Amino acid sequence: MNMHVAVQARAHQLDPQTQSFATDVLDGLSQPQKSLPPKYFYDDLGSELFVAITRLPEYYPTRTELGILRARAGEIAALIPWNAALVEFGAGATTKIRLLLEARDIAAYVPVDISGDFIAAQAEELCADFPELSVYPVAADFTAPFALPDAVRDLPKVGFFPGSTIGNFEPHEAAHLLGTFREILGHNARLIVGVDLEKDESLLVPAYDDAAGVTAEFNLNVLARINRELGGDFDLRAFAHRAIYNRDQHRIEMHLVSRCDQTVRILGERIAFKAGETIHTENSYKYSLDRFRALAEQAGWSLQQSWTDADGLFSVHALQAN
């Protein structure tokens with residue numbers, strides 16, 4: 001980490017969460033290839049925009065994964081122990097988790113996400129529809145170890161990580177994250193994870209650059225968040241959204257492209273941009289079934305079963321902790 005960046009963030013006497021945000025932003029924007037961690041997309045507005053993205057006609061992952069979960073709910077539920085606690089990492093809209101709750105009696109549901117207000121609202125709606133279900137929302141960064149609520153300590157644990165969020169991490173980071181999940185969930189835990197599969201570029205790029213511009217708004221919102229929370233002065237009109245497929249790396253990349261030479265201020269720091277220079281905001285890796293199996297095994301999980309749609313666009317995997 002750039003020590004000057006860390007000192008600059010601390011000098012503004014920010015609360016710990018905002019200080020971490022500031023340090024990550026200033027550090028990422030000081031690199032030769034400017035970047036921002038994608039976890040900062042998900043403030044309240046970002047979470048709402050992502051839900052809107054999942055409903056777009058170009059965005060195949062959500063509807064395809066939902067199709068798999070609906071068709072295979074009984075098979076997936078059969079792998080969940082009775083009286084289990086279901087822990088959803090990066091919980092958002094409750095559409096997918098409802099399919100599992102309808103197929104299996106679950107003792108407790110633990111939604112985990114960095115946006116505490118959003119998951120609290122989602123949890124309230126879920127409790128109204130499943131009054132016998134105990135719900136324990138946890139506001140936490142699921143990429144780092146955290147403690148589960150005491151109320152679920154002695155219950156069998158099943159993790160749920162849908163949406164191919166695993167693809168937003170570099171492969172070595174994804175393996176580390178799966179290992180972190182195994183530590184959080186504990187001995188004999190299971191994990192249900194959604195993974196997007198490799199496919200033709202003609203399907204991939206529109207999914208991340210939709211005609212209505214919702215993904216562009218989602219991408220630009222991280223700059224608005226910096227302005228609001230860190231006193232930045234980004235002109236959102238001076239940046240454009242770009243999505244490209246990096247075939248060699250098996251990933252979609254999202255960038256924000258500077259439309260002109262400009263200088264932005266954040267917490268007193270001046271950040272210079274040249275016209276055409278980009279901020280790399282997100283990767284979305286696409287896997288083959290074999291490459292994901294190898295990744296899971298590297299992280300200490302054994303593959304129990306995999307399901308795909310008829311077109312081979314998306315996959316859902318059930319893992320067992322070794």
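A crossing of two helices counts as right-handed if the near helix is turned clockwise from the far one by less than a right angle, and as left-handed if anticlockwise. With that in hand, look at how α7 passes α10 in this predicted model: the crossing is right-handed. A second pair, α2 and α9, crosses in the left-handed sense. Here's a quick tour of both.

**α7 with α10**

- Helix α7 covers residues 171-185 and helix α10 covers residues 289-298; their axes come within 8 Å and cross at roughly 50°.
- That angle makes α7 oblique to α10, because anything from 65 to 115 degrees would be roughly perpendicular and anything under 35 roughly parallel.
- On the α7 side, the residues that meet α10 are P171, A174, A175 and L178.
- Facing them from α10 are F292, L295, A296 and Q298.
- Sorted by class, this contact has 7 nonpolar residues, 1 polar and no charged ones.

**α2 with α9**

- Helix α2 (residues 16-29) packs against helix α9 (residues 214-230) at an angle of about 130°, and the axes are 11 Å apart.
- So α2 is oblique to α9 as well; the cut-off for roughly antiparallel is over 145 degrees.
- The α2 residues in this contact are T18, F21, A22 and V25.

Conventions:
Residues numbered from 1 in each chain as written. Predicted model: local features only at pLDDT ≥ 70, side-chain atom pairs only at ≥ 80, totals over all residues. Heavy atoms only, no water. Axes fitted to C-alpha atoms, helices over the stretch in contact; angles between N-to-C directions. Helix = DSSP H or I, 4+ residues; strand = E, 2+ residues; numbered from the N terminus. Contact = heavy atoms within 4.5 Å. Nonpolar A, V, L, I, M, F, W, Y, C, P; charged D, E, K, R; others polar.
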